[in-house]
Amino acid sequence: MESDDLEFYITAQALDESLRVIGDRPSLAMEAGDDMVNRLNRLRTLKPEHADKVLIQFYGWVYEHLPRYLVSDPTQVPNFQYLLRRVSAEVGPYPGD
């Protein structure tokens, strides 16, 4: 495995773990904004051919979890909105939009 492949894998795993934590505690979404932007940008830099795929997976995760909080705890919705706006502005919008 090349070093870029290994770094991509480790960064993707770290991003996945951060998303799991935010899923459990959405109040951390605002604090995690820098982390998300940095990791998403790093993944896109390491493997530009996977740039759209990385963003699609991120946005898919958010849209999968957001409805649960719309019903169970609407006070957490602004945290997800902040994260979406931040990633869209600094990494990119959903591919194709």
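View 1. The model is predicted, so local features need pLDDT of at least 70 and side-chain atom pairs pLDDT 80 or more, while totals for chains, interfaces and linings use all residues. Residues are numbered from 1 along each chain as its sequence is written, and side-chain values use heavy atoms, without hydrogens and water.

**View 2. The buried side of α1.** Phe8, Thr11, Leu15, Ser18, Leu19, Ile22 and Gly23 are buried in α1. They lie on the same side of the helix because they cover an arc of only 140° around its axis (taken from the directions from the axis to the C-beta atoms). The buried residues of α1 pack against α2 (33-46), α3 (51-72) and α4 (77-90) (contact means heavy atoms within 4.5 Å).

**View 3. Ile10 and its helix.** Ile10 belongs to helix α1, residues 3-24 (helices are DSSP runs of H or I with at least four residues, numbered from the N terminus). From first C-alpha to last, the 22 residues of α1 reach 32 Å, close to the 32 Å expected at 1.5 Å a residue (1.5 Å times one less than the number of residues).

**View 4. Helix α3.** α3 also has 22 residues and reaches 33 Å between its first and last C-alpha, close to the expected 32 Å. Its buried residues include Phe58, Trp61, His65 and Tyr69. The buried residues of α3 pack against α1, α2 and α4.

How values were computed: Helices (H or I, at least four residues) and strands (E, at least two) are DSSP runs, numbered from the N terminus. Buried means under 20% relative accessible area, exposed over 50%, partly exposed in between (1.4 Å probe, protein chains only).
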